[in-house]
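Subject: Structure handover and findings

Hello,

Here is the structure for you to take over. Please open it before reading on.

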Amino acid sequence: MGSPNFTHGSASINETLAQHSPAPRVETAIALPIFMFAGGAIGNLIAIIVLSVSRQERKSSAFYTLVCGLAVTDLLGTCLASPLTIANYLDQHVLEHLHVCEFHSFLLLFFGVTGLSIICAMAAERYLAICCPYTYQRWGVDRRFAQRFLFFIYISNILFCCLPMMGMASSKLQQSTTWCFIDWKTNEPVAAAYSVLYGAVSLLLILGTIVLNLAVCGALLLMRQRTVQRSVTRASVRERWRALSSAAETQMIAVLVMTSVVVLACSAPLVIRVFANRFMLKNDPKADLAAIRIASVNPILDPWIYILLRRSLFRRLLSLSRRSSSTRSSSPPSPQGNLLYPELMTDSHVFTQLMCNANVITQLPAPVKFTPYDTESLRQT
C-alpha cells in the first residue's frame with residue numbers, strides 16, 4: 001500500500017519539476033540577448049547624441065560622418081536583429097518560418113559586412129588624411145564625400161546580402177535553433193561559392209583595416225621621430241608638437257588600435273567559422289553559436305570606444321600636456337605658429353586637431369624654418 005503512494009508521490013513531484021523547470025531556463029537563457037540588446041541600443045544612442053551636439057566644424061568632417069554612420073548602423077542592427085532573437089527564446093517556432101529565417105539571416109549578413117566596411121572606410125580616410133594629404137585634398141574628402149560613400153556601402157552590401165534570398169544560397173536555422181544563417185555546409189556549387197565569397201570579403205575588410213591602421217600609426221610615429229631629431233633654432237615645430245602630439249597623437253593611435261582589436265576580436269571568429277564549416281567536415285554548433293555571439297558584441301563596444309576615449313581620458317591628457325608645456329617653456333609660443341594653427345591651440349577635439357595637423361604638417365618640407373631670413377633664402381634658391 002505504501003509503495004504505490006510513494007511512486008505516485010514521486011511522480012507528482014517529477015511532474016511539478018517538469019512544469020516549473022523550463023521557466024527558469026528560459027529566463028536564464030533570454031537574459032543574455034536582452035542584455036546585449038540594451039547595451040547596444042543605449043550605447044549607440046549615447047554616441048549619436050554626443051556626436052549630434054558636437055561643434056559645426058566637427059560635423060563637417062568626413063571622419064565625423066563615418067562615425068555617425070557606424071553608430072546608426074550598429075543601432076539599426078541591434079534594434080532589428082535582437083527582437084527576433086528574443087522572440088525566438090520566448091517561442092522557439094518563430095525562426096522556423098522560412099521568410100522570418102531568411103530575413104534574420106539577411107540582417108546578420110548585412111550588418112556584419114556593413115560594419116566592417118564602415119570601419120575600413122574610417123581607417124582609409126585617416127590614412128589618406130595623414131599619409132596622402134595631397135590626394136585627400138584633390139579628391140575633396142569632406143562630409144558630402146563621406147555621405148556618398150556611405151550610401152554606396154549600404155547599396156552594395158544590400159545587393160550582396162540579398163543574393164541568398166534571390167536563390168544563390170539558402171538560409172538555414174542553425175542547430176542551436178536561436179539564429180539563422182546561410183547554409184555553409186551545402187554541396188551546391190553556387191551556394192558554396194557564395195559562403196566562401198562572403199568569408200573572403202569579410203576577411204579582406206579585416207585585413208585592410210589592420211593594414212591601414214598600422215600604416216597610420218607608423219606614419220604618426222615617424223612624423224614625431226623626425227620632429228624630435230630635427231635640429232632647429234626656432235622651436236616652432238616643437239611647440240606645435242608639445243601642444244598637439246602628446247595627447248592628440250596618443251589618442252589617435254589608441255582609437256585606431258582599439259578599433260583594430262575590436263574588429264579582429266569580434267569579427268574574426270565568425271569569418272573563421274565560415275571557412276571551417278565550408279572546408280572542414282567536423283560539425284561544431286557550440287563554436288558557431290559562440291562566434292555569432294562574439295560578433296554581436298561589436299556594436300556594443302564600438303560606440304564606447306569613441307565616447308570614452310574622446311570625452312574622459314584624453315581631455316585630461318590634453319590638459320596635462322598643456323600644463324607641462326606651459327611650465328617647461330619659458331617663452332610664449334611663436335606667433336607665426338599661432339597664425340598657422342589658431343584653432344589647434346584652442347580646440348581640444350582630437351579629430352579636428354589631427355585633420356588639420358596631418359593635412360598641413362605632412363606637407364611641410366623638412367628644412368623649412370619660419371624666419372624672414374630663411375624665407376629670403378628660399379626665394380633666391
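This is a predicted model: local features need pLDDT of at least 70, side-chain atom pairs count only at pLDDT 80 or more; totals for chains, interfaces and linings use all residues.

Residues are numbered from 1 along each chain as its sequence is written, and side-chain values use heavy atoms, with hydrogens and water left out.

Cavities

A search of the whole structure finds 7 cavities of 30 Å³ or more. A cavity here is a set of points, on a 1 Å grid over the protein atoms alone, where a 1.4 Å probe fits but cannot get out. Grid points are joined across faces, edges and corners, and a volume is the space filled by probe spheres set on the points. The largest cavity has a volume of about 730 Å³. Its lining has 39 residues; a lining residue has an atom within 4 Å of a point. Nearest the centre of the largest cavity lie Leu-108, Ile-292, Ala-295, Ser-296 and Pro-299. The elements giving two or more residues to that lining are α2, α4 (62–90), α5 (98–131), α8, α9 (236–279) and α10. Helices (H or I, at least four residues) and strands (E, at least two) are DSSP runs, numbered from the N terminus.

Surface patch

Ile-42, Ile-46, Trp-304 and Leu-308 make a nonpolar surface patch of about 340 Å². Two or more of its residues come from each of α2 (22–52) and α10 (285–328). Nonpolar side chains (Val, Leu, Ile, Met, Phe, Trp, Tyr) are joined within 5 Å, like charges within 9 Å. Areas come from the Shrake-Rupley method with a 1.4 Å probe, and for residues only the protein chains shown count as cover.

Residues in α10

Trp-304 sits in helix α10. It counts as partly exposed because its relative accessibility is 31%; buried means under 20%, exposed over 50%, partly exposed in between (1.4 Å probe, protein chains only). Asp-288 is also found in helix α10. Asp-288 is at 3% relative accessibility, so it counts as buried. Leaving aside neighbours within four places in sequence, Asp-288 is in contact (heavy atoms within 4.5 Å) with Trp-179, Trp-184, Arg-273 and Asn-277.

Residues in other helices

Ser-117 is in helix α5. It is buried, because its relative accessible area is 12%. Beyond neighbours within four places in sequence, Ser-117 contacts Ile-153, Asn-157 and Leu-205.

Ala-215 lies in helix α8 (residues 189–229). Its relative accessible area is 29%, so Ala-215 is partly exposed. Not counting residues up to four places away in sequence, Ala-215 touches Tyr-127 and Cys-131. Ala-123 is 92 residues away from Ala-215 along the chain, and their C-alpha atoms are separated by 9.5 Å.

Val-72 belongs to helix α4. With a relative accessible area of 35%, Val-72 is partly exposed. Val-72 and Ala-47 are 25 residues apart in sequence, and 9.2 Å apart C-alpha to C-alpha.

A backbone angle to check

Which residue has a positive phi although it is not a glycine? Thr-177 does, at about 60°. Thr-177 lies in the loop between β1 (171–173) and β2 (180–182). It is partly exposed, at 31% relative accessible area.

Best regards

Technical notes. Patches are made of residues with over 30% relative accessible area and no salt bridge: like charges are joined within 9 Å, nonpolar side chains (Val, Leu, Ile, Met, Phe, Trp, Tyr) within 5 Å. A salt bridge is a side-chain nitrogen of Lys or Arg within 4 Å of a carboxyl oxygen of Asp or Glu. On a 1 Å grid over the protein atoms alone, a cavity is a set of points where a 1.4 Å probe fits but cannot get out, and a pocket is an open set with protein on both sides within 12 Å along at least five of seven lines; lining residues have an atom within 4 Å of a point.
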